[in-house]
Amino acid sequence: MSMALDAFGFLFTGRGLDPDRDRSVIERDGFRAVLVGMADPSRAPEVAAALVDEGIQLIELYGGFGPVWTAKVIEATDSRVPVCSVAYNPESIDGMAALFPSQTG
């Protein structure tokens, strides 16, 4: 059985963001993307589970979540939808270190 992707969620972190307030929805031609920002990655599991309950079919996590929070999101969503984490290739390491010096040194 073939199914179309109609609803996509993207979770990301940023200073001062609140997932109850800081979200954007893009809708066009039957497709919906929900982007949700949060200051603390510990909110990701509950946010992801709520998005799946609202009909989101696939969740992507900003690379800063890492494997631990990705696993917690998969667990919180009971593996009902695919969950992936964006990764940065080796050529991006210097740029990431410049953006996040407190996390790399």
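A residue is called buried when its relative accessible area is under 20%, exposed when over 50%, and partly exposed in between (1.4 Å probe, protein chains only). The model is predicted: local features need pLDDT of at least 70, side-chain atom pairs count only at pLDDT 80 or more, and totals for chains, interfaces and linings use all residues. Residues are numbered from 1 along each chain as its sequence is written, and side-chain values use heavy atoms, with hydrogens and water left out.

The chain contains four helices and five strands, taken as DSSP runs (helices H or I, at least four residues; strands E, at least two) numbered from the N terminus. Their order from the N terminus is β-β-β-α-β-α-β-α-α. The C-alpha trace spans about 45 × 30 × 30 Å along its principal axes, and 31% of the 105 residues are buried.

A pair of aromatic rings is described by the distance of the centres and the angle of the planes. Rings of Phe, Tyr and Trp (its six-membered ring) pair if their centres lie within 6.5 Å; planes under 30 degrees apart are stacked, over 60 edge-to-face and the rest tilted.

| Pair | Centre to centre | Angle between planes | Class |
|---|---|---|---|
| Phe10 and Phe12 | 6.3 Å | 25° | stacked |
| Tyr62 and Phe65 | 6.5 Å | 75° | edge-to-face |

Phe12 is partly exposed, at a relative accessible area of 27%, whereas Tyr62 and Phe65 are both buried.
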